[in-house]
Amino acid sequence: MSASTGSGSSLRSARLKIWRGTSRENGRYEEFDVAFEDGDSVLDGLVRIRMRQQPDLAIRFSCFNANVCKECTMLIDGEVQYACIAKLHPGLIQLDPVPNLPVLRDLVTDSLSHKERF
Amino acid sequence: MDEVIELATDVLVAGGGGAGMFAAIAAARNGAKAILIDKNVVGRGGASIMAQMTCAAALGETEPDDPQLHLADTLAAGRGLCNEGLAALLCEGAPKRIRELETWKVNWARADNGRINQVLAPGHSRKRCVYVDFLSTGAAICAALRNKVSRNPDIRRLSNVSLTDVVTRDGEAIGAVGFDVGSAAPVVIKASAVVLAMGGMTKMFKRTTSPNNLAGEGVGIALRAGARLVDLEFLQFYPNGHLAPRMVGLDPTTWEPTRVKLGGRLLNGKGEEFLDRYGEAQGEGYSTTRDALTYAIYKEVESGRGSPHGGVYLSFQHIPESALQAALGPVIEIFKRNNIDLTRQPVEVFPIAHYQMGGVEVDTEMASCVPGLYAAGELAGGANGANRLSGNALPEALVFGERAGERAARSAALRKVPDWDMKAAGAQLELIRAVRGQNAGHGPSPGALMSEVKELMWQKVGPFRTAQALSEAQDRLCSMRERELPAAAVSGERTHNASLVEWFELRNGLVAAQALALSALNRRESRGAHQRDDFPATNVQYEKSQRLSLANGRLVSSFEGLPP
């Protein structure tokens with residue numbers, strides 16, 4: 001959904017190393033190259049990977065980049081961050097599910113209060 | 001075979017934004033047990049939480065005001081098509097809801113004299129809009145409602161539940177069907193009344209201010225249940241949507257409140273003021289309504305005088321840094337993180353899909369024509385006619401949500417739906433089971449189809465329309481709905497299967513998109529947010545509402561007072 005498609009912005013490439021699996025033990029890392037423009041977020045990159053390469057990659061978000069829904073929280077190069085605000089940069093970026101919560105799939109953890117679940 | 005999760009309640013509310021949360025609170029305080037579901041997270045999904053600034057209510061705190069004046073402004077902005085009963089309900093109900101939220105600890109910004117600070121927003125004749133600093137109005141309202149909802153023992157919240165169908169029997173709503181996103185387990189909720197508060201369909205446009213969950217599913221679900229739609233062709237494009245440079249961490253609607261507050265200048269690609277070329281859209285008073293401003297920006301770019309990314313400039317360079325700092329506070333830091341320095345450079349803006357004026361046809365009880373089925377918030381059509389005033393969306397969510405919840409609770413008490421046989425939901429449940437794993441690995445992904453729909457809607461069903469582009473869109477949408485969606489590949493995974501969620505978004509969202517394209521094709525005039533390049537004038541013969549229903553899978557349109 002990047003708005004910047006016109007002139008003046010240079011396309012670069014990041015390599016996202018993403019945890020794929022249904023728990024912390026049962027899974028593996030997969031790497032994806034993603035083209036980006038200056039200012040694009042990690043979430044922009046993940047959405048592009050889902051659309052063009054790997055539709056089954058599990059991520060979670062709602063507000064996209066307004067910084068209100070908090071759903072896209074993940075571990076980015078070892079730090080807990082919102083993927084919608086963290087910027088892509090050239091080179092390797094490692095993405096893991098947030099620690100201390102059960103992993104549901106890939107980067108999605110069971111973050112809901114028990115009262116909001118079945 | 002998947003085990004079905006089976007629940008029962010008095011009032012089922014679908015959609016955990018402002019309207020849905022208020023509906024659940026109102027249902028509970030009128031004696032009902034309520035279940036409140038959201039595809040994302042209750043209280044965090046939806047559009048309300050993203051609202052930054054204005055919430056209109058004739059409180060008369062900053063200057064004398066009256067709900068009747070608010071109503072007159074709303075009707076004028078609606079270009080002759082507001083449902084006056086709904087508009088009056090919105091304007092008369094807003095002050096009470098704002099005061100109530102204050103008792104629920106929403107800290108409305110206050111002036112030095114201690115009174116609630118009300119500011120002027122475009123199209124309003126009085127200083128009427130309340131807000132929470134800085135740009136946190138929607139977030140503050142949702143936090144307060146979330147708090148009320150979570151402490152209410154009569155409300156059960158269920159997040160990550162995707163609603164797929166309302167279940168009807170003899171033409172009446174008796175509950176709903178969906179699935180748990182976490183496990184793909186089918187869910188049946190038997191209910192004596194159902195309130196749909198699932199927002200609009202702005203996600204179906206490439207450039208949008210929408211969160212990821214507003215795919216028009218409420219529109220599709222209501223149509224399938226037998227409800228009618230009204231004036232769906234009116235979809236508001238927010239004039240000053242952020243375009244470039246890439247900015248994250250702030251909603252793309254940031255610039256309009258900032259422009260109004262500080263007096264930002266809109267300039268074309270040559271650095272010239274241009275609003276004075278477009279009649280109504282004068283540059284000085286910031287009173288221009290959204291439809292007129294969108295028109296001016298679009299036409300300026302079309303004339304070849306756009307900015308490098310195909311928009312126009314919004315400049316604050318004439319404003320001293322200290323004034324920017326005082327007005328924007330912590331937001332300046334977010335701009336900095338995005339390499340935006342307003343003292344040195346303008347930003348580029350362009351209209352962006354923002355809000356659906358049309359929607360499910362309801363009366364002032366928020367009841368659709370299907371007994372037991374209610375709609376509220378953005379999904380309820382008609383209050384705003386052909387163009388919504390800045391600041392009217394939040395009070396609409398609060399007032400209509402409250403009304404829907406209260407009436408649904410009363411109705412539920414009277415028409416207790418008896419425990420029904422699960423066979424009534426058999427076909428809908430079977431669909432959920434059948435779609436998971438369909439064509440796995442063979443065919444387009446629902447996500448890729450969604451990308452195409454967004455591009456198509458943006459290119460052909462945007463604010464400026466022609467019969468040709470709309471017909472092309474219709475053909476493409478029809479093919480997607482009838483051929484490509486059934487052939488789409490959905491993996492067989494149970495746990496958090498995003499393709500399954502997107503498939504059902506498209507199942508209902510494509511019907512919504514078709515309904516919008518058809519409505520726009522039928523309205524052969526230009527009015528408010530609906531501009532036809534092939535019918536550029538407003539035509540008094542079309543000063544009437546268009547209704548749509550679904551009959552045997554086909555959309556049927558009729559204009560008020562005209563034979564179908």
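Helices (H or I, at least four residues) and strands (E, at least two) are DSSP runs, numbered from the N terminus. The model shown is a predicted one, in which local features need pLDDT of at least 70 and side-chain atom pairs count only at pLDDT 80 or more, whereas totals for chains, interfaces and linings use all residues. Residues are numbered from 1 along each chain as its sequence is written, and chains are lettered from A and ligands numbered from 1 in the order in which they are written.

**View 1. The cis peptide bonds at B:Phe134 and B:Pro245.** B:Pro245 lies in the loop that connects strand 11 of chain B with helix 6 (255-262), and the peptide bond between B:Ala244 and B:Pro245 is cis, with omega about -5°. A cis bond also leads from B:Asp133 to B:Phe134, where omega is near -20°; B:Phe134 belongs to the loop between strand 4 (129-130) and helix 4 (137-150) of chain B.

**View 2. A:Asn67 and B:Asn439, each with a positive phi.** A:Asn67, with phi near 65°, is placed in the loop between helix 1 (42-52) and strand 3 (73-76) of chain A. A residue is called buried if 20 or more other C-beta atoms lie within 10 Å of its own, exposed if 12 or fewer, and partly exposed in between, the C-beta atoms being placed from the backbone. A:Asn67 has 18 C-beta neighbours inside 10 Å and therefore counts as partly exposed. B:Asn439, whose phi is near 50°, sits in the loop between helix 11 (426-435) and helix 12 of chain B, and B:Asn439 is likewise partly exposed, because 14 other C-beta atoms lie within 10 Å.

**View 3. The open five-stranded sheet of chain B.** Two strands are taken to pair if DSSP finds at least two bridges between them. The sheet has 5 strands in the order 18-16-9-21-22, with mixed pairing. Strand 18 (380-381) and strand 22 of chain B stand at the edges with a single partner strand each, so one side of each is left without a neighbour in the sheet. Strand 9 (residues 229-230) and strand 21 (residues 546-551) of chain B run antiparallel and are joined by 2 bridges, with B:Val230 standing opposite B:Arg547. Strand 21 pairs with strand 22 (residues 554-559) of chain B in the antiparallel sense over 6 bridges, and B:Gln546 has B:Phe559 as its bridge partner in strand 22. These two strands form a hairpin with 2 residues between them, and B:Asn552 in the turn has a positive phi of about 50°.

**View 4. Helix 5 of chain B and B:Gly218.** Two residues are in contact if their C-beta atoms, placed from the backbone, lie within 7 Å; axes are lines fitted to C-alpha atoms, for helices over the stretch in contact, and angles run from 0 to 180 degrees between N-to-C directions. Helix 5 (residues 217-225) of chain B lies across strand 9, strand 16 (359-361) and strand 21, and runs at about 65° to strand 21. Helix 14 (residues 498-522) of chain B also packs on the sheet, touching strand 9, strand 21 and strand 22, and its direction makes about 35° with that of strand 22. B:Gly218, found in helix 5, counts as buried because it has 32 C-beta neighbours inside 10 Å. Apart from neighbours within four places in sequence, B:Gly218 is in contact with B:Leu196, B:Met198, B:Gly199 and B:Leu379.

**View 5. Helix 10 of chain B.** At 1.5 Å a residue, the 22 residues of helix 10 (residues 393-414) should span 32 Å, and its end C-alpha atoms are 31 Å apart, which agrees; the expected span is 1.5 Å times one less than the number of residues.

**View 6. The contact between chain B and chain A.** This contact takes 43 residues from chain B and 38 residues from chain A. Strand 5 (155-159), strand 11 (242-244), helix 12 (446-460) and helix 14 of chain B each supply at least two residues of the side that touches chain A.
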